[in-house]
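Subject: Structure handover and findings

Dear colleague,

Please find below the structure that I promised to pass on. My notes on it follow directly after.

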Amino acid sequence: MKMKKLIAVLMVAALLFTTASCGGGDNGGGGEAKDSLTIGIDADAVALDPLRINDTLTMSILSNVYEPLVRMTNDGEIVPALAEEWKVSDDGLVYTFTIRTDATFHNGDPITAEDVKYSLEAAAESSYTGPYMNFIDSVKVVDEKTVEVTLQYAYAPFLALCTTYSQVVKEDFYKEGGEVDMSKSPIGSGPYKFKNWAQGDKIEFEAYDGYYKGEPSIKNLTYKIIPNSSTATMALESGEIDLSLNVSEADIKALEEKDGITLLQKPSTAFYFIGMNTNVKELSDVRVRQAIAKCINKQNMIDGALNGYGTPTNTFIAEGVLGYDPDFNPLPYDVEEAKRLMKEAGYENGFKISMSIPENRSTHAQIIKSDLAQIGIDLTINIIETGKFWDDLENLDYEMMIMGWSYVVMDPDVGYYSLYKKDDMSGNYTGFGDAETDKLLADGRVESDPDKRAAIYAELEEIYQTAAPYVPLYWRVDAAAHNSNLTGVDIPPCGFYYVYDYAWK
């Protein structure tokens, strides 16, 4: 969330032309009701096609453009969307959805059961969304209002995954030689329709007056790309943007006391980590990867890059998720041991290597560069444009990187299968894995006994974190801030900000 353009996590939205306001507390000039919203985001979208993305930020944007079968509220409740109701068979294998008949695509075409069938099948086959949905065995149109989905095995997170990966598209839009470029000028099915994308600057949408729930209160929606968090905060304070999803830890305290601005904070299940291309000669040696893991001072990173707003982690399994072990720490911080491992691997004098990062991770990379210098590694930092960053990861065209990931549902399979699956479409950006680990990943998906399932993920944790193709760094604290006259805003559980719920006072 295939997952091949993900997190991670890290997770999530933009900016628009506003009326003549000059300060966070104003809701427009001349007493006129404001109907535009500008959201500041820290990176550009990857693509505007739900079948071609899997990073949280782009998914947050597209949650306003495409309509799924079901949605998740900010309280974590799954509620109807295109599906008015659903039933699950006693064995958990068959989901029967009753589809609305009053929903349309943005070109006016009605959304049909056939469109739902195509969208689910395409999501299961996509190299980006497939790792989340490829357990679907078949999709059958029962009648014009009913779709029956049969799973290969009972998979409890399926309905929750549908809140993200069942966004409905039309097969005709994907026909070769057609007039629609879904990645750049999409025809969606949600409350907002595409207007313009000035890549690297902003993405503009307008309310869809044919939306089945009624036209949104916010008529014009713009996502403004502001990579620098301090610049985003100033833009919020000046009224240039109305909502910032890029609140830096350094600005949290100041925004808490700022008149006219509301600050939101929540613990996150988004985690950040170092990734290593195991096809690179030096990084193919497990001792080198272990040395790198053991010389990273995670708390220093949290203090230096996040002003202390984060929690160090040695695992990809979040607290509250099956298999979580707070004491798991296979490669504890130990610089002297890291030096010994480098010597044993034949790199006593170190080597040169590069790290690819998006712009908003430059402070992290500088701290890692200092840590790696302790064991002789000379790190070159390459700041990469967002789309190319994900393309390079997908093609294993990098040496080291920093990225984030977030849970779309609270299940260990969601992170592990996508990031580690070796021989299937996935977000395996390191090239690490084999038949043994692939079998464990498959077993973890189908095992119904919680204790047995937890044991499988404990075994995977031991293998993966000891081999260190990825080095877990920290869990993020989510923070967002908005003009206090904007109502309906909350930090959603999976980072998908649903603007339809927002309105100006």
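A residue is called buried when its relative accessible area is under 20%, exposed when over 50%, and partly exposed in between (1.4 Å probe, protein chains only). This is a predicted model, in which local features need pLDDT of at least 70 and side-chain atom pairs count only at pLDDT 80 or more, while totals for chains, interfaces and linings use all residues. Residues are numbered from 1 along each chain as its sequence is written, and side-chain values use heavy atoms, with hydrogens and water left out.

I begin with the salt bridges, by which I mean a side-chain nitrogen of Lys or Arg within 4 Å of a carboxyl oxygen of Asp or Glu. A search of the whole structure finds 24 of these salt bridges. In one of them, Asp 242 pairs with Lys 34, with the closest N and O atoms 2.7 Å apart. Because Asp 242 lies in the loop between α5 (229-238) and β11 (243-244) and Lys 34 in the segment before β1 (36-41), this pair ties together parts that are 208 residues apart in sequence; helices (H or I, at least four residues) and strands (E, at least two) are DSSP runs, numbered from the N terminus. Both Asp 242 and Lys 34 are buried.

Lys 369 and Asp 378 also meet in a salt bridge, at 3.9 Å from N to O, and here Lys 369 is partly exposed, with a relative accessible area of 29%, as is Asp 378, with 36%. Arg 445 forms a further salt bridge with Asp 413, the closest N and O atoms being 3.0 Å apart. Since Arg 445 lies in helix α13 (residues 435-446) and Asp 413 in helix α12 (residues 412-420), the pair ties together parts that are 32 residues apart in sequence. Arg 445 counts as buried at 4% relative accessibility, and Asp 413 counts as buried at 2%. Salt bridges that share partners also join Asp 285, Arg 287, Glu 337, Arg 340 and Glu 344 into one network.

Turning to the domains, the chain is divided into domain 1 (34-65 + 190-260 + 484-504), domain 2 (67-170) and domain 3 (268-477), with bounds that come from an automatic or database domain assignment. The C-alpha centres of domain 1 and domain 2 lie 26 Å apart, and their contact (heavy atoms within 4.5 Å) takes 23 residues from domain 1 and 25 residues from domain 2. Together, domain 1 and domain 2 bury about 1,900 Å², 53% of it on carbon and sulfur atoms, where buried area is the accessible area (1.4 Å probe) that two parts lose on being put together, summed over both. Leu 51, Tyr 208 and Tyr 212 supply 36% of the area that domain 1 buries against domain 2, more than any other three residues. Between domain 1 and domain 2 there are zero salt bridges.

Two helices deserve a look in the viewer. All eight residues of helix α4 (residues 158-165) are buried, so α4 is largely enclosed by the rest of the structure. In helix α7 (residues 286-294), seven of the nine residues are buried, so α7 is likewise largely enclosed by the rest of the structure.

Finally, a backbone feature: phi of Asn 307 is near 55°, a positive value in a residue other than glycine, and Asn 307 sits in the loop between α8 (298-306) and β13 (310-312).

Best regards
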